[in-house]
Amino acid sequence: MTVHDVIVIGGGQAGVSLGWYLRRAGLEYLILDAGDGPGGAWRHGWDSLRLFSPAGYSSLPGWLMPPPDHPGHPTRDDVVDYLTRYEARYALPIRRPVRVRTVTARPDHLALATDQGAFAARTVISATGTWSNPFVPDIPGRDGFGGVQLHSAHYRDPDAFAGQTVLVVGGGNSGAQIMAEVAPVARALWVTTQAPQFLPDDVDGRVLFERAVARMKAPQAQTPVGGFGDIVVVPPVLEARARGDLGTVRPFREMTATGVIWPDGAEMSVDAIIWCTGFRPALDHLTGLGVVEPDGKVAVQGQRSIREPRLWLAGYGDWTGPGSATLMGAARTARDLVSALVAATPSRPA
């Protein structure tokens, strides 16, 4: 069996950014991606999804994202097209669809069991992201609810909810944007644990990324900074706010077969609940290495696993690099990781 220098698990924005830097470093590598085509999690975004920033600020290493041929920031489809052309432009060695089931340790390599056979590498970089591991809170009665429950990971457009009573649960950017387009067609309530925090109207994703970097430095600088949970006032959110559609209520305490029960005991019939409650790192394939901690993350120093030094991680959130789960953070994360990987890798005879 061929033992690769590096195998990257995941061919989304983090994976292809890593591919660019690995090639530049002269390392032999292979990217295994579970998707049916390029684009990573962007393939699954809802129809109206747009970036928070201009194309030039949401680019991967080596090639700026071309500006869209329409007004406004790039759409989901623009990003998928860019990632597709990026792979082709650099002829990245991606094999798909290949789903990695488990990674286990061997004396001289890491072994990957997949649905397409076995692979081996001296170093593995896990870049599977979070989209495939959506989080829904364990609300009493949730399993007995007879209506529609849909996570934002699988939301597409508001048409299916026209005329229905809908709860949009979650106070982040996805909750705000989905509420903004569901409210005009449905009887919608936005359910959040606290009043949403909106950024100033002129702030976009560039400021969010700068805040993520500042947040990583905050323990030393003791500087208060905002987070990615703060809501960017993109045009649909601005329009919804002007309509008065972005008022919120606090969470219900229980779910029933037909609806929810609020903290004061009042019952409400509900047709559908859209859970905009975030994601967790998709790391099931690493459980065989014994590196996944009780909090669902991997303990890292930099981006390298402390328990298994042949394992590196990218693209899961700030704990694997500032803004690493964003397009604008993927390039910096990949650059830093590959630089550290090269420095830590002993040279082998040709």
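This is a predicted model: local features need pLDDT of at least 70, side-chain atom pairs count only at pLDDT 80 or more; totals for chains, interfaces and linings use all residues.
Reader: Which sense does strand 1 pair in with strand 6, parallel or antiparallel?

Author: Parallel, over six bridges, with strand 6 spanning residues 117–126. Within that pairing, histidine 4 stands opposite alanine 121 of strand 6.

Reader: How many bridges between strand 1 and strand 2?

Author: Four, and the sense is parallel there too; strand 2 is residues 29–32. Isoleucine 9 stands opposite leucine 32 in strand 2.

Reader: What unit do strand 1, helix 1 and strand 2 make?

Author: A β-α-β unit that is right-handed, with helix 1 at residues 13–24.

Reader: Core packing next. How many residues are in the largest nonpolar core?

Author: The largest nonpolar core has 60 residues. Those with the most contacts inside it are Leu18, Leu22, Tyr86, Ile125 and Ile274.

Reader: What is leucine 22 in contact with, leaving aside neighbours within four places in sequence?

Author: Leucine 22 is in contact with Val6, Val8, Leu27, Tyr29, Ile125, Val338 and Leu341.

Reader: Which residues does the second, separate core include?

Author: Val98, Phe119, Ala121 and Tyr316 are among them, in a core of 21 residues.

Reader: Back to Tyr86. What does it touch, not counting residues up to four places away?

Author: Tyrosine 86 touches Val16, Trp20, Leu60, Pro61, Trp63 and Leu92. Tyrosine 86 sits in helix 2 and is buried, with a relative accessible area of 0%.

Reader: Where is tyrosine 86 relative to isoleucine 31, C-alpha to C-alpha?

Author: Those C-alpha atoms are separated by 14 Å, and the two residues are 55 apart along the chain.

Reader: Aromatics, then. How many aromatic pairs?

Author: The structure holds eleven. Tyrosine 82 and tyrosine 86 form an edge-to-face pair, at 6.0 Å centre to centre and 65° between the planes.

Reader: How many residues apart are tyrosine 82 and tyrosine 86 in helix 2?

Author: Four, about one turn of the helix. An α-helix has 3.6 residues a turn, so residues three or four places apart point the same way.

Reader: Is tyrosine 82 buried or exposed?

Author: Tyrosine 82 counts as buried, at 1% relative accessibility.

Reader: What about tyrosine 155 and phenylalanine 161, stacked or edge-to-face?

Author: Stacked, at 6.2 Å centre to centre with 20° between the planes. Tyrosine 155 is buried at a relative accessible area of 0%, and phenylalanine 161 counts as buried at 5%.

Reader: Which residues do ring pairs link into a cluster?

Author: Trp20, Tyr21, Trp63, Tyr82, Tyr86 and Tyr90.

Reader: Where does arginine 280 lie?

Author: Over the face of phenylalanine 135, at 3.9 Å from the ring centre.

Reader: Which order do the three strands of the open sheet take?

Author: The order is 11-12-13, with antiparallel pairing. Strand 11 (254–255) and strand 13 (267–269) are the edge strands, and each pairs on one side only.

Reader: How many bridges join strand 11 to strand 12?

Author: Two, in the antiparallel sense, with strand 12 at residues 259–261. Glutamate 254 has isoleucine 261 of strand 12 as its bridge partner.

Reader: Last one, threonine 75. Where is it found?

Author: Threonine 75 is in the loop between strand 2 and helix 2, the latter at 76–89. Threonine 75 is buried, with a relative accessible area of 17%; the cut-off for buried is under 20%. Leaving aside neighbours within four places in sequence, threonine 75 is in contact with Leu49, Arg50 and His70.

Conventions. Residues are numbered from 1 along each chain as its sequence is written. Side-chain values use heavy atoms; hydrogens and water are left out. Two strands pair if DSSP finds at least two bridges between them. A crossover is right-handed if, with the strands pointing away from the viewer, the path from the first strand over the helix to the second runs clockwise. Buried means under 20% relative accessible area, exposed over 50%, partly exposed in between (1.4 Å probe, protein chains only). Contact means heavy atoms within 4.5 Å. A nonpolar core is a set of buried Ala, Val, Leu, Ile, Met, Phe, Trp, Tyr and Cys residues joined through side-chain atoms within 4.5 Å. Rings of Phe, Tyr and Trp (its six-membered ring) pair if their centres lie within 6.5 Å; planes under 30 degrees apart count as stacked, over 60 as edge-to-face and the rest as tilted. A charge sits over a ring if NZ of Lys or CZ of Arg is within 6 Å of the ring centre and within 35 degrees of the ring normal.
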